[in-house]
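These are my notebook entries on one protein structure.

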Amino acid sequence: MRIALGCDHGGFELKEVIKKHLEERNIEYMDYGTYSKESVDYPEYALKVAESIINGESDCGILCCGTGIGISIAANKVPGIRAAVVGDVFSARLCKQHNNANIICLGGRVIGPGLATMIVDEWLDAEFQGGRHQKRIDKVIEIEKKYSKK
């Protein structure tokens with residue numbers, strides 16, 4: 001498994017904690033930035049991570065900004081991306097089991113490092129359940145196609 005990581009300045013410190021945690025679990029990752037707390041624009045990093053997944057360079061992604069909200073909105077503009085803002089372990093598990101979320105978004109200003117690593121573990125260890133959930137994802141994909149300009 002290869003995970004794409006990205007963040008803006010508000011999520012930089014949390015991304016660094018997550019990197020260390022992934023290393024401890026021997027999980028490969030690619031860091032798409034940012035690489036400091038200097039102010040940057042989150043859509044750039046959301047796009048890098050989302051494209052990495054769509055292009056097959058990564059299997060899934062983790063994005064961090066101040067709240068997780070802005071970066072998730074940007075990532076979800078890429079067809080095929082299902083980015084979920086997650087702030088608890090229950091939602092982390094279900095966003096994979098029911099929604100097959102391929103990116104989770106965390107808020108560096110609202111989630112501490114201990115909870116963040118628990119969320120990451122829960123999401124990574126969960127499996128998509130398919131069945132009735134796939135039918136719903138297929139409907140989301142149809143909405144995506146309807147409004148896609150491609």
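**Entry 1: the model.** I note at the outset that this is a predicted model.

**Entry 2: helices α4 and α5.** I recalled that two packed helices are described by the angle between their axes and the distance between the axes. I looked up helix α4, residues 89-97, and helix α5, residues 113-125. Their axes come within 8 Å of each other and cross at roughly 25°. Angles under 35 degrees count as roughly parallel, and α4 and α5 are therefore roughly parallel to each other. I recorded their crossing as right-handed.

I then asked which residues of α4 and α5 meet. From α4 I listed V89, A92, R93, C95 and K96. Their partners in α5 are M118, I119, E122, W123 and L124. Sorted by class, the residues of this contact between α4 and α5 comprise 7 nonpolar, no polar and 3 charged.

**Entry 3: helices α1 and α5.** Next I turned to helix α1, residues 12-24, which also packs with α5. Here the angle is about 50°, and the axes are 10 Å apart. The crossing of α1 and α5 is right-handed.

On the α1 side of the contact I found L14, V17, I18, H21 and L22. On the α5 side I found P113, A116, T117, V120, D121 and L124. The contact of α1 with α5 holds 8 nonpolar, 2 polar and 1 charged residues. I noted that L124 of α5 is listed in the contact with α4 and in the contact with α1.

**Entry 4: the cavity.** Rolling a probe the size of a water molecule over the atoms shows where empty space is left. How many cavities of 30 Å³ or more does a search of the whole structure find? I recorded 1. The largest cavity has a volume of about 40 Å³. Its lining consists of G80, I81, R82, I137, V140, I141 and E144. By class, this cavity lining has 4 nonpolar, 1 polar and 2 charged residues.

**Entry 5: the pocket.** For the largest pocket I wrote down a volume of about 250 Å³. The pocket is lined by 14 residues. Which of them lie nearest its centre? I listed N76, I81, R82, V140 and E144. The pocket lining divides into 6 nonpolar, 4 polar and 4 charged residues. I noted that I81, R82, V140 and E144 line the largest pocket and also line the largest cavity.

Conventions. Residues are numbered from 1 along each chain as its sequence is written. This is a predicted model: local features need pLDDT of at least 70, side-chain atom pairs count only at pLDDT 80 or more; totals for chains, interfaces and linings use all residues. Side-chain values use heavy atoms; hydrogens and water are left out. Axes are lines fitted to C-alpha atoms, for helices over the stretch in contact, and angles run from 0 to 180 degrees between N-to-C directions. Helices (H or I, at least four residues) and strands (E, at least two) are DSSP runs, numbered from the N terminus. Angles under 35 degrees count as roughly parallel, over 145 as roughly antiparallel, 65 to 115 as roughly perpendicular and the rest as oblique. A crossing is left-handed if the near helix is turned anticlockwise from the far one by less than a right angle, and right-handed if clockwise. Contact means heavy atoms within 4.5 Å. Ala, Val, Leu, Ile, Met, Phe, Trp, Tyr, Cys and Pro count as nonpolar, Asp, Glu, Lys and Arg as charged, and the others, Gly among them, as polar. On a 1 Å grid over the protein atoms alone, a cavity is a set of points where a 1.4 Å probe fits but cannot get out, and a pocket is an open set with protein on both sides within 12 Å along at least five of seven lines; lining residues have an atom within 4 Å of a point. Grid points are joined across faces, edges and corners, and a volume is the space filled by probe spheres set on the points.
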